[in-house]
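This report goes through one protein chain, from the overall fold to selected residues. The sequence and the structure come first.

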Amino acid sequence: MAIPEFIKSLRAKIGTDLLQVPTATVMAYDDRGRLLLVKDMASGLWGPPSGIVDPYELPSDTAVREVWEEAGVYVELTHILGVFAGTPFSGVYPNGDQLSVVATVFSAKPIRGIPRADYEETSDARFFHPNELEKLSCYPHFHVIRQAVGQSQPYFKPATWCPETP
């Protein structure tokens, strides 16, 4: 994931302290039921196209833009699959930056374009049949999303917070 300028500016002020950011992720399925994935240049791991929502940007615009930038495919978003956060969606980068994300995950269908890597963030991009996914080295959070999105309703983890009783 490329580092947006506003994140670089924040990092100059807070260093490597934990930063929570909104992201958009796209599960784009073609007419044959194959899922579009991209291979991250830095880690070599596969996952759906995703990125940080820029200030004042709609998550839906982030979603469409990121698929285009990372995979060269223009998509139409069809619905929200879920909102995800927590430990599988956080980590520490090799430079020590701590990041936690709240990911809005969209379903989409490709409109045009042939998957291709951008060679800045991604080294490969292609569609995979569901039975091919288990053989890939993928981000752990991708497996969390895949397990949850098979439900008929948009996914969210149920609330655990409640007010203290007097």
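The model is predicted. S43 sits in the loop that links β2 (35-40) to β3 (46-47). Its relative accessibility is 38%, so S43 counts as partly exposed, the range for that class lying between 20% and 50%.

The side chain of S43 takes part in two listed polar pairs. A polar atom of the S43 side chain lies 3.1 Å from the backbone nitrogen of L45. The side chains of S43 and Y139 are joined by a polar contact of 3.2 Å. S43 also has C138 at a C-alpha to C-alpha distance of 9.7 Å, although 95 residues separate the two in sequence.

## Overall fold

The protein chain contains 3 helices and 8 strands. Read from the N terminus, the order of elements is α-β-β-β-β-α-β-β-β-β-α. The radius of gyration is 16 Å, close to the 15 Å that the globule rule gives for 166 residues, so the protein chain is as compact as a globular protein of that length. Along the principal axes, the C-alpha atoms fill a box of roughly 55 × 40 × 30 Å.

Of the contacts with a separation of 6 or more, 71% are between residues 24 or more positions apart. Buried residues make up 39% of the 166 in the protein chain.

## Surface and charge

The protein chain exposes about 9,800 Å², and carbon and sulfur atoms supply 56% of that area. There are 14 positive and 20 negative side chains, and the centres of the two sets lie 5 Å apart.

V26 belongs to strand β1 (residues 19-28). With a relative accessibility of 0%, V26 counts as buried, the limit for that class being under 20%. Beyond its neighbours within four places in sequence, V26 is in contact with P48, P49, A63, V67, L77, F106 and A108. One of these, A63, falls within the range of α2 (59-71). By contrast, V26 and D54 are 28 residues apart in sequence and 16 Å apart in space, C-alpha to C-alpha.

P48 is in the loop between β3 and β4, and at 6% relative accessibility P48 counts as buried. Residues up to four places away in sequence aside, P48 touches T25, V26, M27, L36, L37, V38 and F142.

S107 lies in strand β7 (residues 98-112). Its relative accessibility is 8%, so S107 counts as buried. Apart from neighbours within four places in sequence, S107 is in contact with M27, Y29, E76, L77, T78, H79 and L81.

D118 is placed in the loop between β7 and β8 (122-128). Which backbone nitrogens does the side chain of D118 lie close enough to for a polar contact? A polar atom of that side chain is 2.9 Å from the backbone nitrogen of E120, and the side chain reaches the backbone nitrogen of T122 at 2.7 Å. Not counting residues up to four places away in sequence, D118 touches E69 and E70. D118 and V38 are 80 residues apart in sequence, with 9.7 Å between their C-alpha atoms.

Y119 is in the loop between β7 and β8 as well. At 59% relative accessibility, Y119 counts as exposed.

## Positive phi angles: Y56 and Y119

Most residues other than glycine have a negative phi. Y119 is not a glycine, yet has a positive phi of about 60 degrees. Y56, also a residue other than glycine, has a positive phi near 70 degrees.

Y56 is located in the loop between β4 (50-52) and α2 (59-71). Its relative accessible area is 88%, so Y56 is exposed, the cut-off for that class being over 50%.

Methods. Residues are numbered from 1 along each chain as its sequence is written. Side-chain values use heavy atoms; hydrogens and water are left out. Helices (H or I, at least four residues) and strands (E, at least two) are DSSP runs, numbered from the N terminus. The radius of gyration is taken over C-alpha atoms; the globule rule is 2.2 Å times the number of residues to the power 0.38. Buried means under 20% relative accessible area, exposed over 50%, partly exposed in between (1.4 Å probe, protein chains only). Contact means heavy atoms within 4.5 Å. Accessible areas come from the Shrake-Rupley method with a 1.4 Å probe; for residues, only the protein chains shown count as cover. Lys and Arg count as positive and Asp and Glu as negative; His and the chain ends are not counted. The place of a charge is taken as NZ of Lys, CZ of Arg, CG of Asp or CD of Glu. A polar contact is a pair of N or O atoms within 3.5 Å; within protein, one must be able to donate a hydrogen and the other to accept it, and residues adjacent in sequence count only if both atoms are side-chain atoms.
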